[in-house]
Structure formats: C-alpha cells, structure tokens
Amino acid sequence: MFEKVLIANRGEIAVRVIRACRELGIRTLAVYSEADANSMHVQLADQAICIGSGASADSYLKIDRIISAAEVGDVEAIHPGYGFLAENAHFAEICENCNIKFIGPRSATIKMMGDKTVAKDTARKAGCPIVPGSDGPVGSEQDALKLAKKIGYPVLVKAVAGGGGRGMRIAHNDVSLVKGYHTARTEAERAFANPAVYIEKYVETPRHIEIQILGDQKGRIVHLFERDCSLQRRHQKVLEETPSPALDEDLRKRISKAAIKVAESVEYSSAGTIEFLLDPKGNFYFIEMNTRIQVEHPVTEEAVGLDLVKEQIRIAAGEPLSFEQRDIRLLRHAIECRINAEDAYNGFRPSPGTISFYYPPGGHGIRVDSHCYGGYTIPSHYDSMIAKVIAYGHDRRTTIARMHRALSEFRIEGVKTTIPLQRAILQDPEFQRGRYNTAFIENLLNREQREAAEPEV
Ligand code: MV4
C-alpha cells in the first residue's frame, strides 16, 4: 500500500479522499489555492502546499506545480478527485512518466473515452447498443444534412470532446441543423479547443441511467448496479438515487451486462461509470463513459455497503478486488441531494458568500459529505456545492421520508440554497411514484411559477 498520497483537488471530494487515506493508514498531502487557505481539506491533511492564486487555471489546473508538490512532498500517488485534472489524459500520462501512480485508469483509457465518437465505437464493438447517428465526426454541413435525412429529425449535434451536455444543439429541421452544426462547432472550439462534432438521433424524455464499475489491475471487473440521474437542471444533477424506479430485474441485468462488456473491452481498471439513456419504451443506449470517481458515488456506497474511494486506492496500489460479482447486492435504497449555494427559485443564480450558521442533519440513515462549517466563505472561483446529503433505508418510501426529514433539519444561513427545490421534488406525487425523466425539474418549476401567478379561485 502507498505510504503517502497527494490530493489534487479541493472541497468535499478532497475531504472524502483524505478520510479514505486516513482509514488506510496513508499520509496525505493537500494542495490548495490562495482562496482556499482556510479550507477544510487543508486542515485535515497531514501536510499542505499552496500552488497558486484562486483562479483554477492558476492552481488546481497547473500540472507542473502539482507535479512539483508531489516531488517535494515525496508522494507515491496522486488522487485527482472529480473535475479539474481528473479526466486529463495528458496529466495522467505525466504522472505515469514521473513514476507517480495516478489513482484512476491508464492515460490511454482516459484519452480513448475523452473522444466521445471513439467511446461510442468501442461500445458498439463490445456489443453494447448505442444511439443511432454519425459514424464518427461529421465533416461538413452537407454530411450533417445527409445523415439527418437518413436517421430522421429531431437530431442532436454533440461535441466530440464534450460530455456532460456542454456544446449540444438540438435540430428539428434542415435550417436549425445547419445553424446548430456551426454554433456547436464554435462552442466546442472555444470550450475544448476542438471543433469536431457528431450527430445522434435525439431521444425524447429519456431517463439518465449510469452503471458504476470497478476494475482491478488483474483484469477482474464488477458492476455495482445503477444510479438514476435523471433529475438535472441545465446538466447539473440535483438528486440521484439507486435502485432506479424505472428498472425491473430483467432490464437491470441487461444494462449491467452491457456496461461490463464495455469495461472489459478496454480492460478498465479503477472506478468508472458507463452512462446510458433509457427511452420511454425501455430501450437503452450507451452515450459516454466517465473515467473518474463521480460526485454521486456515495449513493452506490450506501446501497451496496462498499467504500469506492478506498477500493480505488487499493486497486491503484496493485491489490486485487477483494470480492466477486455475486458478493455485491443492492442492500438498501439510497438517495443523494446536492445542496448548492444557488437560488433555485431565481434562475439558479449563484449565491456565494459567508455561511454565517451551519448545522447539518444526522440521525439514522443519514450521511453528509461536506467541507463546510459556520463562518466558512464560499469562494466564487469554484463550483458552489455546499454539501451532499445521502439518505438510505430499506425501501424507497422510507428513504424519501428520511431525506425530507434531513433537509428540514439542515440549517444553512447567510447564503441561498437549493434545499427548497429538493424538498418540493421529494413531496411531488409523481416523483413519489417513481415517474420522472430529464424534463421533470423544468416542468415542476414552470408549474409552481404558474400557480404562484394565478392563485386558485
Ligand atoms: C442525449 C439526449 C437525447 N438524445 N442524447 C445530456 C448530458 C450528456 N451526457 C448527454 N445528454 C443528453 N444526450 C441523445 N441522443 C438527452 C440528453 C439530455 C440529458 C441527459 C441526461 C440527463 C439530463 C439531460 C437533460 C437534457 C438532455
């Protein structure tokens, strides 16, 4: 096992990784920006090195400074968390060349899955269903139009280097396709320094189902079932749960098997996620693979009773998985709410500032992952997540009631949060029946706005 690990991240995930390291007897080195000098991860780590000013580009994204800190601190491995450098193949490759273990998959795997058309092709060759669309990037306006004629409108133009919904354009006809093709390219060039786009049939009102995978360096791969991540707004997840109310045993088996095939075909090692769209008829399609630990990983941890971050670290240290597929069961229902410093009822406007009072919920079946405390000032440079509340219980009803109870107890003063929206979701009859898709939050907000404008007579 490693003796010392550098955590190349901040916020709750840096705290999460430090906690796993401590339980494994590993010393920790935090890196931080000037804006994070008072951050929890700096307090909790055994050692901390400042790597630059508040802007991410000047600190958490500065590869040379992080490698220098690793050399100075004499660490054997780097955990990248999520975001920042977690899916940067160049960074993973530099770690490999510097003989520092990157706690994640091989750089070649990150690179492969970073190109969404290569990822789709890999899935298709592994025997996993994919959304009908272009065979690789689309070279011209004419090719885009030809393809749309073949697969039929509506279609979606996506960035090859994208993911998470950035740089997508929907088109319902030739005119909007030509426009969308060019705006998507411009946007992709600006965001990813790569203008390449591809085209897919647009799947209407899908559910977003992802399968958690773990693979060791000996070639053993297991899945840890699904997470339903359909409750998003503008591609920011708001609430995630497992098991998904949309899957029965048969569908769960088929999606999991498809995910395993994809992971096996690239000899995946570390924690990873295979993302699928599930259409209203029950057809599922691979859309992309995430080669990192995800924000919502605790949902799976509480449902199956495993520590995914510890598993990731053990795998990186060369240890084999200590369990087999048949040892893994969905033992509980689990739901996560991401509490953000945003005004959900005001266009999700960011609400940075100082948390003047902070009292997190607890009690039976509640876990809170957070780096916040009373008096903490949320820096404006980074994402605005305050905490993740995870509720778990023996069934979905119990878990929904428990989450609602926990959110009612949560006291956060000084900033606006997304809690009122999450409480409304938990109380919605359709949500309670498990009937929701990716359009749910938009519909809920529109309905509430209408009702506020025209009170009942
Ligand atoms: C789609 C889609 C419909 N059809 N692809 C958005 C995030 C990115 N990972 C993929 N996304 C989508 N891809 C096809 N062919 C709809 C979405 C989508 C979405 C997916 C999951 C959760 C919320 C969403 C919200 C809007 C669009």
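Is Lys125 buried or exposed? Lys125 is exposed, with a relative accessible area of 64%. The notes below concern a predicted model.

1. **Asp121 and Lys125.** These two side chains form a salt bridge, 2.9 Å from N to O. Both residues sit in helix α6 (residues 116-125), four residues apart, so about one helical turn separates them. Asp121 is partly exposed, at 22% relative accessible area.

2. **Lys158 and Glu200.** Here too the side chains meet in a salt bridge (2.9 Å, N to O). Lys158 belongs to strand β6 (residues 155-159) and Glu200 to strand β8 (residues 197-201), so the pair ties together parts 42 residues apart in sequence. Lys158 is buried, with 7% relative accessibility. Glu200 is buried as well, at 2%.

3. **Glu210 and Arg227.** A salt bridge of 2.9 Å (N to O) links these side chains. Glu210 lies in strand β9 (residues 207-215) and Arg227 in strand β10 (residues 221-233), so the bridge ties together parts 17 residues apart in sequence. Glu210 is buried, at 0% relative accessible area. Arg227 also counts as buried, at 0%. Salt bridges with shared partners join Glu210, Arg227, Lys237, Glu240, Glu296, Glu336 and Arg338 into one network.

4. **The count.** The model has 34 salt bridges. Oppositely charged side chains can pair when their charged atoms come close.

5. **Arg252.** This residue is in helix α9 (residues 249-265). Arg252 is buried, with a relative accessible area of 7%. Its side chain makes a polar contact with the side chain of Glu249, at 2.8 Å. Beyond neighbours within four places in sequence, Arg252 contacts Phe225, Glu226, Pro243, Ser244, Leu247 and Leu330.

Methods
Residues are numbered from 1 along each chain as its sequence is written. This is a predicted model: local features need pLDDT of at least 70, side-chain atom pairs count only at pLDDT 80 or more; totals for chains, interfaces and linings use all residues. Side-chain values use heavy atoms; hydrogens and water are left out. Helices (H or I, at least four residues) and strands (E, at least two) are DSSP runs, numbered from the N terminus. Buried means under 20% relative accessible area, exposed over 50%, partly exposed in between (1.4 Å probe, protein chains only). A polar contact is a pair of N or O atoms within 3.5 Å; within protein, one must be able to donate a hydrogen and the other to accept it, and residues adjacent in sequence count only if both atoms are side-chain atoms. Contact means heavy atoms within 4.5 Å. A salt bridge is a side-chain nitrogen of Lys or Arg within 4 Å of a carboxyl oxygen of Asp or Glu.
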